Amino acid sequence: MVAMAAVGLGADEITDVRQKFLKGDYASAVKAAAAGVEETPGQEEWHLLRIDALLALGRADEANRALTEALGRVPQSLRLHWIGRDVAFANGQPELAAKRLESIRELYASRPSAYRAVPDLVVFGRAALLLGADPKDVLTRVYAVAQKAAPTLRDTYLARGELALEKHDFALAATAFEEGLKQLPDDPDLNCGLARAHEIGDRKSMLAALEKALEANPRHVPSLLLRADHAIDGERYMDAEVDIAKILEVNPEQPDAWALRAVLAHLRNGAAAERFARESALRTWPTNPRVDWRIGQKLSLKYRFAEGAARQRQALKFDPKYLPAKAQLASDLLRLGEDVEGWQLAQEVNKEDGYDVEAFNLVTLHDTMVKYATLKDDDFTVRMTTHEAAVYGPQVLELLGRAKRVLIEKYGAELARPTYVDIFADPKDFAVRTFGLPDIPGFLGVCFGRVVTANSPASTASSSTNWQSVLWHEFCHVVTLQLTQNKMPRWLSEGISVYEERQANPAWGQRMTPVYREMILKKEAGRGGLTPVGVMSAAFLAPPTPEHLQFAYFQASLVVEFLIEKYGLQKLRAVLKDLREGTEISRALETHIAPMEEIEKRFAAYAKDRARELGSELNWEKPAAELFRPGAEAKLREWSNTRPNNYWLESQRIRTLIDDKQWAEAKVALNSLLKRYPAPRGEESALRWLARVQRELGETAAERATLTKFAALDGEAPDAYLRLTELGIAERDWADVALNARRFLQINPLVAAPWRALAQAAAGTGDDVTAIRANRTLLQLDPANPAEVHFELARLLHRGGDSAARREVLMALEEAPRHRAALNLLLDLGAPPVSPTEVKSTP
């Protein structure tokens, strides 16, 4: 049986004071609670309120005295002993906190029937978890019972949510906090908990919940901490300082706030300020492991993995059993390429806490990755599934080697060897290796400095992603991150990588599009406009739509293009060198290029000029949606007549003509549009449409010319590449067949068609080396006609005098015993040579 907590005297007054506390009026709450204690000293709620408010203000000594008084009045209170742990930690007494946990165990064991009130049941659950109880049992047998008995008690939802957050089960945490918010929609702790649950995968929802928390309590320290965290992630360091200052106004001893201030000092290369902030964080508890864990965790989020790992090792010196530090150290080491110790630590965390989702995921992934094939050369170690390694592993090494030669010379970097590249066929495995969690979509690859993780073509082929472009992009990060020792802003790192994609291949990387044109030129249209260069990294964190995220990458690359075009590559290299020494980006830019304000002004003009160059003879005004509604035809015609050559209307008209199979009219319209906008890319490209129209009209030569132009512009058009190989084979244009087969393989090397075309093209030009390689790869893909592939491979090997021809012809005959050409080739090969061991000595 579960009992409700006794209401007692002054219940309304307690509720009023609790509301003051929740709204951030901590001083008034202390005063009122003290008066309540004096009036009704046996009422534990007054004692709890006073201690809570004193802790919120950082008045740890007073909280300790208040606790002593409270335990003198209500010595059997589980909740007072529980909050006593917080008081002990605030006063730097972890041993006393452990004793108070033991006191809870003893009190409950001696008189379990005395603690049937729901708030006591929640405390019992929390204590049981620390004492080693199974989390699942606590959730189902304690918290679920408590929630059913008192659905409006905030403590239960907070306990459930915090447990899930601790175990990195963010979906479960979100559910707990959302259920609580249905009962208590304005509770700042529940809203902040929901924000934390969304921090990893949904920053937009995080910020919405955070706004509600701070609306309810503008002085809510956990929410201010999370907002400062977010500002640091977006490189808005002054905003973070503002929130940290607000926290320290509330609680001058708040260790997490001082830890974040130490992080900011580190990022600004301020060693003395960093040391002072860390010492301040440790002032009340000199061996608090959370402080170094917090500093290190944030440094690692800023890609300072070596510095982050050092902080975790310090935290573990303070407390070798502090699992958050051990888990973070495992993650850091795996991202530094120190796999042996990293995997070992992950296994230790999983063994000590089987419910930690992140540790469980990593251990499970390790069991998968030990089965991977490893490809090596002097510069790279590539790990991928055995099947994929056999199919396109050599192409991965070749591409990475080419990228290294180009980019090292260009930027003058010296790299640690080897670079580790992990390629995952399962996107969930990629997400676990990269983020620790399996459900983080939207990433093709990630670089940590020396370690690259990437999704394989097996998981990206449906989106026509160019895996070679992705790896080039990520290896460029390897170069720039190591060149700067991971001390560069995200916008610059991403900008250089996208820019270098375009330099490597004109069909790779992002280019100006009609949508980007509109975003640059029409800020008033609600599409966001250009983000100022100084705060551009924030655009990657919580974009309103996926389109805005892609635009952030494009804008960053356009800034880099602007800097190189207007000031030169050597100036940019000088900026990168300064960043390595710890100089802030704005100062480095001012030293070598121009003040940030001038750069932002000149770049905005440059970007707008580039946008206006796109289809400069077209009218780009977008018609309102109501013009397309039934009955608005006359208004649409009137609107159109005053805006000739309108891109949007003309595109709509062309789509209608194609849908209606009006091929001749569509062809005329498309040719007219392409005169004004000659280089469109993507699914909506007029070149793609024109090729389809020409095919329908039977104009094969014209179709091929159009597709050839389109394929040179678009690095993610496998249907165009495949059609061009078909047309090239028909014309026996083997060079073009090989070109487009290789283009297709940049999208998906795991299907047979492009390998078959490449083998045929190579054989047609006498390139036996390529033909042999393509046919051998084709056999890895279970071709429909293995006998023919084995025979062709045997023929090529025989022509080169390779004895392996015999094995291949026999395999062809195994598949097709009556294969006449294979039988004839076997006769040509003659009897197999006799090995020396088969020669008998003559008596």
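An exposed residue is one with over 50% relative accessible area, and a buried residue is one under 20%. The legends below apply these terms to a predicted model.

**Figure 1. Arginine 688 and glutamate 683 form a salt bridge in the predicted model.** The closest N and O atoms of the two side chains are 3.8 Å apart. Glutamate 683 has a relative accessible area of 57%, so this residue counts as exposed. Arginine 688 has a relative accessible area of 13% and is therefore buried. Side chains of opposite charge can pair when their charged atoms come close. Across the structure, the count of salt bridges comes to 56.

**Figure 2. Arginine 294 and aspartate 256 are joined by a salt bridge.** A distance of 3.4 Å separates the closest N and O atoms of this pair.

**Figure 3. Lysine 404 meets aspartate 379 in a salt bridge.** The N to O distance is 3.8 Å. Lysine 404 lies in helix α22 (residues 386-411), whereas aspartate 379 is found in the loop between β1 (373-376) and β2 (380-384); the pair therefore ties together parts that are 25 residues apart in sequence. Lysine 404 is partly exposed, because its relative accessibility is 22%.

**Figure 4. Five strands make up an open sheet with mixed pairing.** The order of the strands is β1-β2-β3-β5-β4. At the edges stand β1 and β4 (445-447), each with a single partner strand, so one side of each has no neighbour in the sheet. From one strand to the next, the twist averages 15°. Strands of a sheet pair through backbone hydrogen bonds, either parallel or antiparallel. Strand β3 (residues 419-424) and strand β5 (residues 451-455) run parallel and are joined by five bridges. Isoleucine 423 stands opposite alanine 454 in β5.

**Figure 5. Helices α22 and α23 lie across strands of the sheet.** Helix α22 lies across β1, β2 and β3, and runs at about 150° to β2. Helix α23 (residues 427-435) lies across β2, β3, β4 and β5, and its direction is at about 155° to β5.

**Figure 6. Tyrosine 108 and phenylalanine 124 form an aromatic pair.** A search of the whole structure finds 25 aromatic pairs. A pair of aromatic rings is described by the distance of the centres and the angle of the planes. The ring centres of tyrosine 108 and phenylalanine 124 are 4.0 Å apart and the planes stand at 20°, so the pair is stacked. This pair links distant parts of the chain, with tyrosine 108 in helix α6 (residues 94-110) and phenylalanine 124 in helix α7 (residues 118-130), 16 residues apart. Phenylalanine 124 has a relative accessible area of 24% and is therefore partly exposed.

**Figure 7. Phe562, Tyr567, Phe603 and Tyr606 form a cluster of aromatic rings.** Ring pairs link these four residues.

**Figure 8. Charged side chains sit over the rings of tryptophan 82 and tryptophan 648.** The charged end of arginine 85 is placed over the ring of tryptophan 82, at 4.7 Å from its centre. Over the ring of tryptophan 648 sits the charged end of lysine 622, 4.6 Å from the ring centre.

Definitions and conventions
Residues numbered from 1 in each chain as written. Predicted model: local features only at pLDDT ≥ 70, side-chain atom pairs only at ≥ 80, totals over all residues. Heavy atoms only, no water. Salt bridge = Lys/Arg side-chain N within 4 Å of Asp/Glu carboxyl O. Helix = DSSP H or I, 4+ residues; strand = E, 2+ residues; numbered from the N terminus. Buried < 20%, exposed > 50% of the residue type's maximum accessible area, 1.4 Å probe, protein only. Phe/Tyr/Trp six-rings, centres within 6.5 Å; stacked < 30°, edge-to-face > 60°. Lys NZ or Arg CZ within 6 Å of the ring centre and 35° of its normal. Pairing = 2+ DSSP bridges. Axes fitted to C-alpha atoms, helices over the stretch in contact; angles between N-to-C directions. Contact = heavy atoms within 4.5 Å.
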